[in-house]
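Q: I am new to this structure and would like to learn how to read its features one at a time. Could we begin with the contacts of a single residue?

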Amino acid sequence: MIYLDYNATTPLCDAAREAMLPYLGRHFGNPSSVHAAGRDARAAIDNSRDKLAGLLRVKPHELIFTSGGTESCNLAVLGLARNRSSRAAHIISAKTEHHAVLNAVEHLEKHENIEVTWLNVARDGIVDLDQLSKSIRPDTRLVSIMAANNETGVIQPMREISQICREHGVLLHTDMVQAFGKMDVDLSLVDAASFAAHKFYGPKGIGFLYLRSGLSIQPIMFGGAHENERRPGTENVAAIAAIAAAAEWTLRDRESEQERQAELRDDLWMRISQNVPDAKQNGQNAPRLANTLNVSLLGLDSEMLLIALDLEGVCASSGSACMVGSVVASHVLLAMGLPIERARSAVRFSLGKWTTADEIKRAGDAMGKIVNRFETRKSAYAVA
């Protein structure tokens with residue numbers, strides 16, 4: 001199997017697995033208990049929080065553990081948008097956001113009388129900074145822009161976005177689920193940021209939200225006083241221990257690893273473009289994550305391509321992995337102004353630490369084989 005779907009999820013690294021094991025066995029205590037077993041579990045959470053804070057250059061109490069990226073995005077968007085006394089409210093986001101943000105913002109718009117401005121993006125996927133600046137109003141509560149897109153890998157100009165928000169005194173949240181471990185993460189630019197462990201070789205079901213010190217947030221769940229009364233529920237101690245181990249392991253060789261993956265990504269594109277002259281690379285003129293390649297093969301359907309790739313032993317995707325196996329035209333590519341035919345023929349390849357040059361060669365050859373087979377069938381049907 002050739003796994004080229006690392007943006008969907010990553011395999012668990014050994015460091016994360018080893019960090020989990022003690023808390024899946026002997027150290028099983030509830031971290032809220034006052035006895036020795038509980039204190040052992042609480043110490044694991046505190047140590048993990050301290051380690052992550054050091055890696056991200058923030059304060060430990062600024063990190064809130066959650067169940068993953070979706071909850072982290074929901075908590076930021078809903079919790080910050082609701083955290084004002086005045087009824088009038090306005091939020092700004094982009095049309096290319098992940099559904100964890102899109103759907104949360106749409107909920108506020110439809111059910112909580114909050115006005116929303118959806119920013120346009122250029123054909124390369126970069127948000128319209130002029131529109132952002134002009135859209136901010138006195139009642140704007142929050143701007144939410146993802147750092148790096150999960151489908152195209154396009155990296156947004158977060159420094160410029162941050163400057164605009166700071167000048168207007170507006171809070172800025174960013175979805176950094178795809179960014180961590182693949183690019184420099186500077187949390188001094190934002191007020192809140194969302195992360196998920198399984199995107200950087202940690203376990204599924206654990207993530208965290210960075211919330212700048214001094215900001216309050218309305219909880220979106222209710223129960224105990226966990227996470228300083230910001231996110232109730234008994235903590236997933238084993239996964240929390242693992243997320244810090246995975247983060248440390250991922251960052252250890254980040255720069256050299258991203259250079260390696262960029263070379264492999266470019267080699268894959270070269271092979272695809274040689275085998276498929278009509279192939280189009282999406283977002284190629286913008287800064288992109290080193291591991292992500294989004295291509296459209298005009299005249300072919302994404303679902304057929306993915307099935308054919310799977311039969312050739314290649315795992316890829318048509319975009320977000322959170323759509324329960326559905327293959328629909330990408331809202332990201334449509335927002336970039338690409339024709340629906342191009343959006344419906346898009347495939348995303350995303351590389352990771354275990355991707356090899358030989359796998360890239362075989363994946364490129366498989367693409368050529370698949371397209372030739374489809375073209376042969378089309379010709380046969382035309383003659384018939």
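A: Contact here means heavy atoms within 4.5 Å. The model is a predicted one, in which local features need pLDDT of at least 70 and side-chain atom pairs count only at pLDDT 80 or more, whereas totals for chains, interfaces and linings use all residues. Residues are numbered from 1 along each chain as its sequence is written, and side-chain values use heavy atoms, with hydrogens and water left out.

Q: Which residues does L119 touch, not counting residues up to four places away in sequence?

A: L119 touches I92, S93, A94, K95, Q131, L132, S135 and I145. One of these, A94, is 25 residues from L119 in sequence, yet the two are 4.5 Å apart in space, C-alpha to C-alpha.

Q: Where is L119 found, and is L119 buried or exposed?

A: Strands are DSSP runs of E with at least two residues, helices are runs of H or I with at least four, and both are numbered from the N terminus; L119 is found in strand β4. Buried means under 20% relative accessible area, exposed over 50% and partly exposed in between, with a 1.4 Å probe and protein chains only. L119, with a relative accessible area of 0%, is buried.

Q: How should I read the packing of α2 and α8?

A: Two packed helices are described by the angle between their axes and the distance between the axes. Axes are lines fitted to C-alpha atoms, for helices over the stretch in contact, and angles run from 0 to 180 degrees between N-to-C directions. Helix α2 (residues 36–56) and helix α8 (residues 237–251) pack at about 25 degrees, with their axes 9 Å apart. Angles under 35 degrees count as roughly parallel, over 145 as roughly antiparallel, 65 to 115 as roughly perpendicular and the rest as oblique, and α2 and α8 are therefore roughly parallel to each other.

Q: Which residues of α2 and α8 meet?

A: A41, A44, I45, S48, K51, L52 and L55 in α2 meet V237, I240, A241, I243, A244, A247, E248 and L251 in α8.

Q: Which residues touch the most other members of the largest nonpolar core?

A: In soluble globular proteins, nonpolar side chains tend to be buried together. A nonpolar core is a set of buried Ala, Val, Leu, Ile, Met, Phe, Trp, Tyr and Cys residues joined through side-chain atoms within 4.5 Å. In the largest core, of 67 residues, L187 and F195 touch the most other members, and the largest share of this core, 10 residues, comes from α8.
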